[in-house]
Amino acid sequence: MIRVAVVGAKGRMGASVVQAVNDADDMQLSHTIDHGQDPAQINSDNTDVAVEFTVPSASLSNVLTLIAQGVDVVVGTTGWDEDKLEQVRQALANAPRADQSVFIAPNFAISAVLADHFAAQAAKYFESVEVVELHHPDKIDAPSGTAIHTAQAIAASRREAGFGPMPDGTVTDGGSRGQVVDGVHVHAVRLRGLNAHEEILLGNAGEQLVIRADSFDRGSFMQGVLLAVRKLRDGGYPGLNVGLDTFLDL
Ligand SMILES: NC(=O)C1=CN([C@@H]2O[C@H](COP(=O)(O)OP(=O)(O)OC[C@H]3O[C@@H](n4cnc5c(N)ncnc54)[C@H](O)[C@@H]3O)[C@@H](O)[C@H]2O)C=CC1
Ligand SMILES: O=C(O)C1=N[C@H](C(=O)O)C[C@H](O)C1
């Protein structure tokens, strides 16, 4: 049995992970931790893999603690930038176990991962690309971690293809053009009734391609979370890996 700890267990995602682990034949819960409880209770004697879904302001500290405890970590919390990722790499370089792993995914739903992949492929064939993400109104960060990841993938693809900036004649902007991530405009909608959705709009003169991914409920993320737990437990992914495509044949 894979011994799994859940950090952020009382949250929307954490509670879903607790249920998914309880429902999995090859896993058992070792710890459920939430705000105010010490993640250092989790260690390599009682846990194989910790799953972390908390808040962007707490995630790095939790992950560094878990690395020091000798535990592999699957992270779904958003808010990662290059500086934070580098701190994780350095902590892993000094980790108790040589083959220790941290896996971070901005999105564990296959629809979102494929949308991201297809958007990066398509971006080099279109003059204009913009990203719209739509979420439930209880989400605390905007734009979504997924949308930032998508915009960065689109920008990298366009750079590789030798593309310059996109056409945009906007002169006055009170914020309506969204946040510019790596040269790509990203727009965030918050609406009761939604869960997690993303649309990538690609345009040329006289034509448009729309790529859309919809997560209608949190169950959509669980297959990806359990896959990551199993992959880390089986080994072969030492160090820091980012993105569910790490485990997919794309
Ligand atoms: N990668 C993915 O596929 C997905 C990622 N997310 C991300 O996961 C994160 C959590 O999302 P939700 O569960 O919707 O949020 P939530 O607000 O429902 O849950 C967060 C939980 O973390 C707890 N928490 C806060 N500080 C903590 C700390 N220091 N230690 C332990 N627990 C702490 C809170 O008490 C709460 O129970 C967000 O960053 C969200 O964007 C959400 C859905 C899918
Ligand atoms: O907070 C959410 O709900 C989600 N957060 C992640 C993000 O910010 O990309 C993943 C998914 O969009 C749901």
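Predicted model: local features only at pLDDT ≥ 70, side-chain atom pairs only at ≥ 80, totals over all residues.
**Exercise 1. The nonpolar core**

Which of the 63 residues in the largest nonpolar core touch the most other members?

Solution. 
Step 1. The members with the most contacts to other members are Ala50, Val51, Val73, Val74, Val102, Val225 and Val229.
Step 2. Helix α6 (residues 219-234) supplies the largest share of this core, seven residues.
Step 3. As background, nonpolar side chains tend to be buried together in soluble globular proteins.
Step 4. Take Val102 as one example from the list in step 1. Beyond four places in sequence, Val102 is in contact with Val63, Ile67, Val73, Val75, Val88, Leu92 and Leu240.

**Exercise 2. Helix α2**

Find which residues of α2 are buried, and state what those residues pack against.

Solution. 
Step 1. After α2 comes Gly70, with a positive phi near 80°.

**Exercise 3. The surroundings of ligand 2**

Which residues surround ligand 2, and is Pro106 buried or exposed?

Solution. 
Step 1. The shell of ligand 2 consists of Thr78, Pro106, Asn107, His135, Lys139, Ser144, Gly145, Thr146 and Ala196.
Step 2. By class these are two nonpolar, six polar and one charged.
Step 3. Pro106 sits in the loop between β5 (101-104) and α4 (110-122).
Step 4. Pro106 is buried because it has 24 C-beta neighbours inside 10 Å, and the cut-off for buried is 20 or more.
Step 5. Apart from residues up to four places away in sequence, Pro106 touches Thr78, Gly145, Thr146 and His149. Among these, Thr78, Gly145 and Thr146 also belong to the shell of ligand 2.
Step 6. Trp80 is 26 residues from Pro106 in sequence, and their C-alpha atoms are 8.8 Å apart.

**Exercise 4. The annotated positions**

Where does UniProt place the feature "active site"? Describe the setting of each position, including how buried His135 and Lys139 are.

Solution. 
Step 1. An unreviewed UniProt entry gives this feature at His135 and Lys139.
Step 2. His135 lies in strand β6 (residues 128-135), whereas Lys139 is in the loop between β6 and α5 (145-160).
Step 3. His135 counts as buried because 22 other C-beta atoms lie within 10 Å. Lys139 has 16 within that distance, so it is partly exposed.
Step 4. Leaving out residues up to four places away in sequence, His135 touches Ser144, Arg190, Leu194 and Ala196. Of these, Ser144 and Ala196 are also in the shell of ligand 2.
Step 5. The loop between β6 and α5 also holds Pro143. The peptide bond from Ala142 to Pro143 is cis, with omega near -5°.

**Exercise 5. The two domains**

How many residues of domain 1 are in contact with domain 2?

Solution. 
Step 1. The chain divides into domain 1 (2-104 + 218-247) and domain 2 (110-215).
Step 2. Their C-alpha centres lie 28 Å apart.
Step 3. Nine residues of domain 1 contact eight residues of domain 2.
Step 4. On the domain 1 side, α6 gives the most, with three residues.
Step 5. That side is made up of four nonpolar, four polar and one charged.

Note on methods
Residues numbered from 1 in each chain as written. Chains lettered and ligands numbered in written order. Core = buried A, V, L, I, M, F, W, Y, C linked by C-beta atoms within 7 Å. Buried ≥ 20, exposed ≤ 12 C-beta atoms within 10 Å, placed from the backbone. Helix = DSSP H or I, 4+ residues; strand = E, 2+ residues; numbered from the N terminus. Contact = placed C-beta atoms within 7 Å. Near = placed C-beta within 6 Å. Nonpolar A, V, L, I, M, F, W, Y, C, P; charged D, E, K, R; others polar. UniProt positions renumbered as here; feature names shortened; annotations may be inferred. Domains from an automatic or database assignment.
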